[in-house]
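The structure comes first, then the description.

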Amino acid sequence: MNISEIKDLMTQFDGSSLREFAYNNNGESLVLSKNDAKPASPVAAPAPAPVAEVVSAPVAAPVSSEAVAESSPAPALAAEGDLVESPLVGVAYLASAPDKPAFVSVGDSVKKGQTLLIIEAMKVMNEVPAPKDGVVTEILVDNEEVVEFGKGLVRIK
């Protein structure tokens, strides 16, 4: 991707209602964000403008130890199991509606294909299925949290 293509994407992104955009292709990664959070690496652009970051490997947001402690009541199980990553950028919902129970909780047994959570992207609700049978050992996102492509969502043992 050359600089003129990046500038064109930034212009289109700035004029859109999207809050975040991530693009990955053959080891190239581009992340644009209008959110107030500070970027993971220094960026030359001023803060109010869309933030562009080009790196050679996919970028995953770090999970703080506080967030892990809050989402997992059993710290002994916190690091066990396979990570289920976000397949797209969007808003994560842990339940089908605000007044409904969560799809899964820590300690729940899940079957392959069972819905773990929903990610809303461009007004489309995308179910994230369990990749295997197992037990949920950790939920790494909060309800209505904006997630990046590749961000860890749930850990299944």
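## Terms and basis

Two strands pair if DSSP finds at least two bridges between them. Helices (H or I, at least four residues) and strands (E, at least two) are DSSP runs, numbered from the N terminus.

The model is predicted: local features need pLDDT of at least 70, side-chain atom pairs count only at pLDDT 80 or more, and totals for chains, interfaces and linings use all residues. Residues are numbered from 1 along each chain as its sequence is written, and side-chain values use heavy atoms, with hydrogens and water left out.

## Open sheet

Four strands form an open sheet in the order E8-E7-E5-E10, with antiparallel pairing. Its edges are strand E8 (124-129) and strand E10 (145-147), each pairing on one side only. On average, neighbouring strands of this sheet are turned by 40° against each other, direction ignored (axes are lines fitted to C-alpha atoms, and angles run from 0 to 180 degrees between N-to-C directions).

Six antiparallel bridges join E7 and E8. Ile119 has Asn126 in E8 as its bridge partner.

## Chain

Two helices and 11 strands make up the elements of the chain, in the order α-β-β-β-α-β-β-β-β-β-β-β-β from the N terminus. Of its 157 residues, 31% count as buried (under 20% relative accessible area, 1.4 Å probe, protein chains only).

## Nonpolar core

A nonpolar core is a set of buried Ala, Val, Leu, Ile, Met, Phe, Trp, Tyr and Cys residues joined through side-chain atoms within 4.5 Å. The largest has 17 residues, of which Val110, Leu116, Leu117, Val141, Leu153, Val154 and Ile156 touch the most other members. Strand E7 (115-121), strand E9 (134-139) and strand E11 (152-156) each supply at least two residues of this core.

Notes:
Buried means under 20% relative accessible area, exposed over 50%, partly exposed in between (1.4 Å probe, protein chains only).
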